[in-house]
Amino acid sequence: MDAIRFHVEEIRFAERNVALRLPFRFGAATVTACPQVYVKARIRLPDGRTAEGCAAEMMVPKWFDKNPALTNEQNFEQLRFALRDAREAYTGEADAQTAWTHFASNYATLQARAKAQGLQPLVASYGPALIDRALLDALCLHSGVSFAAAMSSNLCGIDIAGSGLADDLAGFDMAAFLARQAPRNQIAARHTVGLADAIDDAEPQPDAPADGMPTTLAAAVRRYGLTHFKLKLCGETAQDIDRLQRIARVIDGPAQLVTLDGNEQYADADAFGAFLDRMLSTPALQQLVHKTVFVEQPIRRDAALQRDVSALGARIPLLIDESDATLDAFVQGRALGYTGVSSKSCKGFYKSVVNAARCAHWNAASDKPRYFLSGEDLTMQAGIGVQQDLALVAWLGLSHVERNGHHYVNGLAAAPEAEQQALLKLHPGLYELSDGAVRLAIRDGQLDLSSLGTVPGFSTGKPGAGISWDAMRSVY
């Protein structure tokens with residue numbers, strides 16, 4: 001399938017407020033509500049025909065920029081700047097380009113403009129991350145193909161050579177790598193245990209919602225049959241060890257796989273090393289330690305890539321997440337002893353593809369494959385956002401992905417009934433109607449992805465994806 005060149009005619013944004021049924025605490029931040037932004041893009045093809053595509057993403061505060069001096073509203077405005085700036089760049093292109101070159105030709109400029117505004121590189125990535133997904137959705141719908149078929153045939157025209165974005169992959173056969181990918185039909189939902197979460201049923205919960213949904217980790221394990229878990233750390237060794245022991249008493253039996261997430265809470269490698277010593281030597285944590293496959297971003301981003309962590313990485317694999325702020329970050333991290341990197345739709349799906357290619361390239365040159373990509377995204381909610389992220393990780397072949405929206409948000413309760421039913425009809429295996437709302441269907445700890453590999457578009461099925469656009473606010 002030849003890559004198609006097109007102009008970007010129009011990009012529009014709308015927002016919908018999402019209230020959390022349970023507070024979500026990660027690091028020093030606690031989120032109880034935030035906007036979800038929806039993007040609609042119209043492209044014009046060489047023959048004059050047009051196509052529309054869309055994408056969606058939560059605007060989670062205190063992750064892209066964790067400066068405590070900023071209010072949540074200031075964090076939201078940072079992300080809106082990134083969206084507006086990317087829209088100006090993409091719609092301002094004079095020549096028709098492939099989906100990849102729309103991204104590649106604007107990458108450095110958008111990063112530089114954000115830096116000039118004092119914004120973090122992660123913020124700069126947010127705008128193109130959503131727009132790139134909407135553009136690919138339009139292209140897939142125009143061509144009548146699914147996301148998986150489009151990616152494996154390189155419909156978006158990914159061409160590393162000469163782009164200057166990943167020179168370390170010079171000579172790598174990207175086309176062959178893309179063609180080898182085959183979408184999975186199911187994936188394990190890795191359940192996030194936030195720092196404010198109740199662990200067992202005996203824990204007092206005076207403010208717990210009476211909505212029929214689980215409010216404790218123990219209840220979630222029973223309802224969803226969970227086997228994969230992601231445990232948040234607070235950066236205080238004694239508190240983290242105590243909480244992990246409480247969690248272990250609940251999940252030691254059902255857990256098949258565990259990951260830990262530091263969310264930048266340890267000041268440096270020495271502080272994290274002290275925690276690791278305690279964790280590895282605590283008798284009550286030995287089953288949990290045995291099942292823990294990596295630790296995600298334990299060290300704050302301004303220190304994480306400043307010194308070698310190979311000694312720590314030899315004890316337990318380390319993954320970069322917030323430090324994966326630019327396209328070359330994983331290369332830097334590898335040189336310092338990190339072996340993993342997150343796939344996160346809010347950082348851009350092209351970055352996930354490039355980093356997955358790096359893992360394949362580096363592992364092929366080694367007798368002991370050790371580099372890996374992992375699906376990590378707390379921002380994904382039922383609807384377009386979760387569908388597109390699941391389509392990506394399924395196509396990349398990942399066997400598990402962080403999915404916590406089903407626990408912290410009441411499914412699609414914020415959306416009109418017609419929208420909920422449209423999504424349920426399109427993806428009957430992925431969603432279910434329960435406790436008054438359409439929500440992700442997690443059965444025996446697994447998500448059914450079979451429909452994502454076949455519907456046209458970037459998992460949308462049709463232009464507009466059945467979204468009630470008129471029920472949202474258009475503010476920029």
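Two residues are in contact here when their heavy atoms lie within 4.5 Å. With that in mind, let's take a walk through this model, which is predicted.

**A residue in a loop**

By that rule, G411 touches V438 and R439, leaving out residues up to four places away in sequence. G411 itself sits in the loop between α15 (405-408) and α16 (417-426). Is this glycine buried or exposed? Its relative accessibility is 16%, and the cut-off for buried is under 20%, so G411 counts as buried.

**Parallel strands around β7**

Elsewhere, strand β7 (residues 292-296) has 4 of its 5 residues buried, so the rest of the structure largely encloses this strand. What does β7 pair with? One partner is β6 (residues 257-261), in the parallel sense and over 4 bridges. Another is β8 (residues 318-320), which also runs parallel to β7 and is joined to it by 2 bridges. V295 is a handy landmark: its bridge partners include L260 and, in β8, L318.

| Strands | Sense | Bridges | Example bridge pair |
|---|---|---|---|
| β6 and β7 | parallel | 4 bridges | L260 and V295 |
| β7 and β8 | parallel | 2 bridges | V295 and L318 |

S459 lies in the segment after β15 (446-448). How accessible is S459? Its relative accessible area is 0%, so S459 is buried. Setting aside neighbours within four places in sequence, its contacts are Q387, Q388, A391, L426, H427 and L452.

R84 belongs to helix α1 (residues 72-91). In contrast to the buried S459, R84 counts as partly exposed, at 32% relative accessibility. Beyond residues up to four places away in sequence, R84 touches F13, E77 and Y476. Its C-alpha atom is 16 Å from that of E73, a residue 11 places away in sequence.

**The chain as a whole**

Stepping back, the protein chain has 16 helices and 15 strands. A compact globule of 476 residues would have a radius of gyration near 23 Å, and the 21 Å of this chain agrees with that. Along the principal axes, its C-alpha atoms fill a box of roughly 65 × 50 × 45 Å.

Of the 476 residues, 61% count as buried. Among contacts between residues at least 6 apart in sequence, 75% join residues at least 24 apart. The chain exposes about 17,000 Å², with carbon and sulfur atoms supplying 50% of that area. As for charge, the mean positions of the 46 positive and 54 negative charges are 1 Å apart.

Methods:
Residues numbered from 1 in each chain as written. Predicted model: local features only at pLDDT ≥ 70, side-chain atom pairs only at ≥ 80, totals over all residues. Heavy atoms only, no water. Rg over C-alpha atoms; globule rule 2.2 N^0.38 Å. Buried < 20%, exposed > 50% of the residue type's maximum accessible area, 1.4 Å probe, protein only. Areas by Shrake-Rupley, 256 points an atom, 1.4 Å probe, with all protein chains shown as cover. Lys, Arg positive; Asp, Glu negative; His and termini not counted. Charge placed at Lys NZ, Arg CZ, Asp CG, Glu CD. Pairing = 2+ DSSP bridges.
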